[in-house]
Amino acid sequence: SSFDSIVTDIVMPPYNGDDCSQEIRSIEASFKISYHDEIPIIAMSGNGSREDVFHYFDCKITDYFIKGSKPDLLIKIKNDYPFIAPAMNG
């Protein structure tokens, strides 16, 4: 499947967003997808401490949105990662 981006909640038992992001990055690596072609993953969380944000980035999450912030900020974050059409062969 193809996605423009993924917005994931960090806390969504039994498979949290940080775990999900690491699994997605592992799959991308197995297909030798380059860093510039990775799917942007935006984390949503109520936790916005410095340690939490660094943890999200350690999990290869592209960006984050703190729940309770202005909803239009999530749209702005999403728009920071425009869709890039894959090259067509043939």
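Student: Which residues are exposed on the other side of α1?

Tutor: In this predicted model, Ala29 and Ser30 are exposed on that side of α1. The word exposed requires over 50% relative accessible area.

Student: Which residues of α1 are called buried?

Tutor: They are Gly17, Asp18, Cys20, Ser21, Ile24, Arg25 and Glu28. These residues lie on the same side of α1, because they cover an arc of only 155° around the axis.

Student: What covers the buried residues of α1?

Tutor: The cover includes β1 (6–9), β2 (41–45) and α2 (50–58).

Student: Why does Ser21 count as buried?

Tutor: Buried means under 20% relative accessible area. Ser21 has 0% relative accessibility, and therefore counts as buried. Ser21, which lies in helix α1, touches Thr8, Ile41, Cys59 and Ile61, leaving aside residues up to four places away in sequence.

Student: What span is expected for α1, and what does the helix reach?

Tutor: Helix α1 comprises residues 17–30, 14 residues in total. From its first C-alpha to its last it reaches 20 Å, close to the 20 Å expected at 1.5 Å a residue. Just after α1, Lys32 takes a positive phi of about 55°.

Student: What pattern does the protein chain follow along the sequence?

Tutor: The pattern is β-α-β-α-β-α, with three helices and three strands in the protein chain. Of the 90 residues of the chain, 29% count as buried.

Technical notes:
Residues numbered from 1 in each chain as written. Predicted model: local features only at pLDDT ≥ 70, side-chain atom pairs only at ≥ 80, totals over all residues. Heavy atoms only, no water. Helix = DSSP H or I, 4+ residues; strand = E, 2+ residues; numbered from the N terminus. Expected span 1.5 Å × (residues − 1). Buried < 20%, exposed > 50% of the residue type's maximum accessible area, 1.4 Å probe, protein only. Arc of directions from axis to C-beta. Contact = heavy atoms within 4.5 Å.
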